[in-house]
Structures are given as C-alpha cells and as structure tokens.
Amino acid sequence: MKNRILIIEDNENERILYKEELEKDGYFVLVASSGKEGLSIIEKENLDLIILDLKMPQMDGLEVLGKILSKRKNLPVIIYTSYSEYKNNFLSWAADSYILKSSDISELKNKVKELLEIKKI
Amino acid sequence: MNEHYLNDIKRDIFLVHTISKELLRSSLSIDRIIHVILTGITAGHFLGFSRAFILFYDKGKDLLYGKMGIGPFDEEEAGLIWSRIEKENLPIEKFFENGTRDEFKNSRFNLAIERLKIKVDELPENDYFKKSIKEKRLFVSYNVEKDENIPEDIRDLLYPSDAVISPIFSERGLIGIIFADNAFHKQPITEEKLTLFSIISTYAALSIENAFKYNEVKNMQDKLIEKERFATMGKIASYITHEVKNPLVTICGFSKQILETDDIIKIKRNAQIIYEEVLRLEKIINNIINFSNISNIFLEEINITEIIENIIDLLADEIKEKNIEIKSYLFPCNIKGDPVQLKEVFFNIIKNGIENNVEFGKIYINCEVFEKFLKIVIRDTGVGIEENILEKVTTPFFTTKKGGLGLGLTIAKEIIEKHNGKIEIESKLNEGTSVNIYLPLEVQNEK
C-alpha cells in the first residue's frame with residue numbers, strides 16, 4: 001500500500017515538480033492549488049502526510065495549518081516555503097517540519113521519507 | 001556734538017546694517033558667512049582694516065586652523081587693489097557683489113592663511129590668541145609684526161601694523177578667532193572701531209552658529225529620508241527574494257529531470273516550463289530593480305498603467321489583510337518618466353490609501369488627459385485628513401501614522417516635481433482622500 005501525500009501549493013509548475021519527484025519515490029500524490037481545496041481533500045481522502053506552502057492567495061498557509069490540526073491531529077505536516085520569517089510564528093511550530101524551498105529538492109524528499117518512517121513505528 | 005563725529009557714527013551704523021543685511025541674505029553656508037564678515041571688516045575705508053582672517057578651532061585636536069583670509073598679500077597687491085577701489089569709488093554693498101568667493105580662494109593671502117595650523121597648548125601663556133580664548137575678550141597688538149605675543153607663523157605674514165584679535169564664541173563654545181590688521185591703510189585703531197569690531201564678531205558668532213545648526217538639522221533630515229527609503233527597499237528586497245526563489249526551484253527541478261530522462265515528450269514539456277519560468281523571472285526583475293536616489297531622474301518611455309499594476313501586486317498582502325478592493329480604471333498610456341522613482345511615488349501613495357483606509361474599503365485609481373498632463377487620481381475611502389492639517393502632509397516628518405516617519409508624501413512630491421509635474425491632495429474627514437498626480441505628456445526641458 002503506497003503512502004498518500006497531499007501537496008497544497010498555489011504555483012502550478014511547482015505543484016507538478018513536487019508531485020513528479022515524490023511519485024518517483026513511490027508515493028501516491030494528490031495536489032491542491034489552494035488552502036480551501038486542500039481542506040476539502042483532507043475531509044474526503046485518507047492521507048499520510050501533507051506538504052504545505054505558506055504564501056497563498058485567499059487562505060494563508062498558517063490558517064490552513066490551524067484547520068488541519070483541529071481536524072486531523074496526528075497527520076504530519078511539512079511547511080515548504082521560501083519565507084523564513086514565518087519560522088518565528090508560533091503556529092508554524094505546530095508543523096512537524098519547516099523547510100525552506102531551495103533548488104535542491106532532496107531535502108524535502110528526505111524529510112518526507114523520515115516522517116513517514118516515524119509514522120510507521 | 002561735532003558734525004564729523006556724527007558722520008562717523010552714521011557711517012558705522014550703516015556698515016553694521018549692511019553687514020547684517022548681507023548675512024541675512026548669505027544663506028546658511030559657512031564659507032559665505034565668513035566671506036561677508038571678512039569683507040565687511042576690510043571693505044574700503046569703512047573700518048580701516050586692511051586684512052582680516054578667521055581661524056577655526058578644532059576642539060578635539062586643540063588646534064586653530066586657517067579658514068579664510070581676505071586682503072592684499074603685500075604692498076604691491078595692496079597698491080593695485082586700493083588704486084582700483086579709489087578710482088571706482090565703490091559703495092560698500094558693491095564689495096559683497098564684487099569678486100566672487102572663488103577669486104578670494106586663490107588669492108595669495110587666503111592660500112597662506114589656509115595653511116595655518118596652530119596648536120593652542122603649545123602657545124606661550126601670554127600669547128594673545130591663547131589669552132583671547134581663555135579670557136574670552138578682544139586684544140589689540142601694536143606693532144604686531146614684532147609682537148612676541150603673536151604666534152610666529154602669523155607674524156611671518158604680517159607687515160608693520162596694529163591688529164585686533166577677537167575670539168568668536170557661541171553657546172556651544174569657541175568657534176574660532178578673527179584677526180584684523182591695518183597694514184597698508186595705517187589708520188589708527190580707535191575705541192569706536194573696536195566696539196564696531198566686537199559687534200561684527202558677535203554677528204559672526206551668531207551666523208556661524210546658525211549655519212552649524214542648520215547643517216546639523218539638514219544632515220539629520222537627509223539621514224531620516226535615507227532611512228525611510230531603506231525601509232521601503234527592505235520590503236522590495238524581501239519581495240524580490242521570494243519571487244525569484246520560486247522560479248529558481250522549478251527551473252532547477254525540471255532541468256534536473258531532463259538530465260535524468262530520455263523521454264522526449266517530458267523533455268519538451270520541461271523545457272517549456274523552464275522557458276516560462278525564465279520569462280517570469282525576467283519580468284520580476286524588470287518590475288522592481290532597486291529604488292535609486294531622487295537626485296537624478298532617468299527618463300524613459302514608460303507605461304504608467306503597468307507601473308501602477310506592479311505596485312498593486314507588490315502591496316497584495318496589505319490589500320488582502322485589510323480586505324481592500326482596488327478599482328482601477330486605467331488605460332495604457334506611455335509617457336516619459338523615471339520608472340524606478342515613479343514606482344516609489346505610487347508605492348507610497350497607494351500604501352497610504354491602504355493604511356488610512358477602513359476595513360473593506362476601496363481604492364479607486366483612474367487616469368485622464370488634462371491639458372498637457374496625464375492626470376492620475378488615486379482616491380481612497382479612508383478616514384480622510386482634517387482640513388487644518390491638509391497643508392502639512394507633504395512637509396517632512398509630518399505623520400498621523402504610528403511609527404510612520406512622515407516622508408512618504410514628501411518624497412513623492414519631490415519626485416513628481418522633478419518630473420515637471422505636480423501633486424494635489426484633496427480630502428474630507430471620514431470620507432477619504434484623493435491624491436491627484438499630474439505628469440507632463442510631453443517633456444519640454446529635461447532637468
């Protein structure tokens with residue numbers, strides 16, 4: 001059974017990239033282009049991990065994070081953003097990981113792997 | 001009272017009056033003030049001094065250094081100058097107009113004075129320069145060229161004459177020393193002349209002090225303007241970082257995929273994405289660049305609509321946060337302007353429109369052609385400005401915002417005026433503010 005990952009990211013090209021890269025590692029990947037869409041997927045789907053962008057129009061990533069936490073307490077969340085300043089926002093501490101976007105995507109891939117392994121144990 | 005004496009008094013009052021008038025006109029440049037003072041002391045036969053100079057005092061180094069000197073260097077020069085003056089019979093005002101400061105700067109006497117450096121603590125106790133500082137009073141030296149109470153470096157420049165040495169004090173302490181001699185005129189230094197000399201020294205102190213203060217305030221103001229610009233630049237820089245980072249992530253990721261695959265369809269798709277992202281990057285960089293300094297404007301063909309739309313993008317967070325609705329009715333209009341500086345103008349004005357607006361407020365932006373100008377109106381539905389403070393909004397440091405520096409509109413006004421345009425602000429309390437910007441459609445004279 002493949003692990004199921006949801007990517008919430010408003011930029012289309014980034015969405016495609018992360019989806020393909022994670023699929024290569026053998027995950028089943030769902031995508032959402034907004035916080036609202038992401039939350040409705042979380043309601044319906046069985047998920048193992050969420051990758052969340054912070055800066056999105058309409059609903060801010062941190063707001064989405066708050067809603068996710070109130071719904072699904074033990075679902076690991078990785079914040080994946082180019083904004084370092086949110087790191088000091090206490091809400092972001094609730095995420096399992098805060099990774100700054102970089103041209104090297106392997107940091108994200110490794111973190112996904114690590115968090116899913118912890119989950120299995 | 002005899003008539004001759006009365007005439008002298010009249011002449012003296014006239015001299016003081018003329019000097020103070022010149023000082024008032026002389027703006028706030030220290031060099032110009034000193035030039036007026038020294039010219040007043042040495043002009044024609046009024047006070048009867050031939051040469052005068054000012055030394056400034058550097059407290060940190062305990063050093064008197066030559067600031068400026070006016071007068072003939074030797075007998076020959078003196079002869080030339082006096083004969084010319086007598087021939088032309090100039091009234092005193094003419095002396096201030098005559099001869100620019102640059103001319104004096106290169107005179108031999110001034111050059112000799114500028115080289116002077118005197119360590120105060122190395123002077124003997126009886127030295128008049130030292131004593132005038134200590135005792136804060138004026139000294140007269142007879143046969144100054146031989147007087148051992150005068151520093152040697154200065155004596156070397158002197159001719160047989162009598163001289164006055166007077167300190168210039170202001171509230172913050174010693175500014176310097178004025179020296180004047182009667183080398184070539186040989187007019188005796190009388191009690192009346194000394195009184196007059198003191199009055200002029202006091203004027204000198206006041207004016208120099210004033211100029212110092214003005215320059216300090218001016219410097220502080222420039223620094224604050226700079227600070228405000230840095231704050232704006234910080235915002236821009238953070239925007240650039242994020243906007244540039246995201247395309248880089250995708251460009252790198254997709255190109256790496258190309259390297260790892262032989263699937264031609266995927267390669268082509270990735271190349272397409274990379275191509276798009278590079279265009280996006282270029283657009284971002286063109287959009288913002290950095291905020292350069294106001295003093296130079298670089299005119300180029302610009303599209304005002306595009307500039308305003310960029311600024312709206314830049315302020316998207318603030319707009320969203322306050323649920324502001326932007327209603328912009330713009331038509332593409334090309335004018336000549338400095339894109340970077342105009343961005344700063346619209347950034348400041350639209351940002352004000354957001355910050356002073358109410359929650360769920362609106363900002364209307366439209367433009368029209370008005371006479372020879374493009375008129376851009378930015379109107380908000382905010383709290384408005386009281387009538388009695390409306391005039392002040394473009395003065396530096398006037399602000400109603402907590403933590404605001406009050407320079408946004410000052411800078412905007414300056415930039416628009418550099419473009420030969422103008423800015424109008426209309427406002428009604430609790431209804432909103434409208435900023436009208438006029439930019440010339442045709443450029444007549446490039447500044």
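These legends go with close-up views of a predicted model.

Residues are numbered from 1 along each chain as its sequence is written, with chains lettered from A and ligands numbered from 1 in the order in which they are written. Since the model is predicted, local features need pLDDT of at least 70 and side-chain atom pairs count only at pLDDT 80 or more, while totals for chains, interfaces and linings use all residues.

**View 1. Helix α2 of chain B, a mostly covered helix.** Helices here are DSSP runs of H or I with at least four residues, strands are runs of E with at least two, and both are numbered from the N terminus. α2(B) covers residues 30-42, and its end C-alpha atoms are 18 Å apart, which agrees with the 18 Å that 13 residues should span at 1.5 Å a residue. (The expected span is 1.5 Å times one less than the number of residues.) Of those 13 residues, 10 are buried, meaning that 20 or more other C-beta atoms, placed from the backbone, lie within 10 Å of a residue's own; 12 or fewer makes it exposed, and anything in between partly exposed. Among the buried ones are Ile33(B), His35(B), Leu38(B) and Gly40(B).

**View 2. Helix α7 of chain B and what covers it.** In α7(B), residues 128-135, look for the buried Tyr128(B), Phe129(B), Lys130(B), Ser132(B) and Ile133(B). Their cover includes strands β2, β3, β4, β5 and β6 of chain B. Just after the helix, Lys136(B) takes a positive phi of about 50°.

**View 3. An open five-strand sheet in chain B.** The strand order is β8-β10-β11-β13-β12, with mixed pairing; strands pair if DSSP finds at least two bridges between them. β8(B) and β12(B) sit at the edges with a single partner strand each, so one side of each has no neighbour in the sheet. On average, neighbouring strands are turned by 15° against each other, direction ignored.

View 4. β10(B) and β11(B) run antiparallel, joined by 8 bridges, and Ile365(B) stands opposite Ile378(B) in β11(B). Their hairpin has 2 residues between the strands, and Glu371(B) there takes a positive phi near 45°. On to β13(B): it is joined to β11(B) by 7 bridges, again antiparallel, and Ile378(B) has Val435(B) as its bridge partner there. β12(B) and β13(B) also pair in the antiparallel sense, over 7 bridges, with Glu426(B) partnered by Ser434(B).

**View 5. Helices α13 and α15 of chain B packed together.** The two pack at an angle of about 145°, with their axes 9 Å apart. (Axes are lines fitted to C-alpha atoms, for helices over the stretch in contact, and angles run from 0 to 180 degrees between N-to-C directions.) Residues meeting across the pair include Leu342(B), Val345(B) and Ile349(B) in α13(B), and Leu409(B), Ala412(B) and Ile416(B) in α15(B); contact means C-beta atoms, placed from the backbone, within 7 Å. By class, this contact has 8 nonpolar, 4 polar and 1 charged residues, where Ala, Val, Leu, Ile, Met, Phe, Trp, Tyr, Cys and Pro count as nonpolar, Asp, Glu, Lys and Arg as charged, and the others, Gly among them, as polar.

**View 6. Where chain B touches chain A.** Here 11 residues of chain B are in contact with 11 residues of chain A. On the chain B side, α9 and α10 each give two or more residues, and α9(B) has the largest share with 9. This side divides into 5 nonpolar, 4 polar and 2 charged residues.

Terms used. Contact = placed C-beta atoms within 7 Å.
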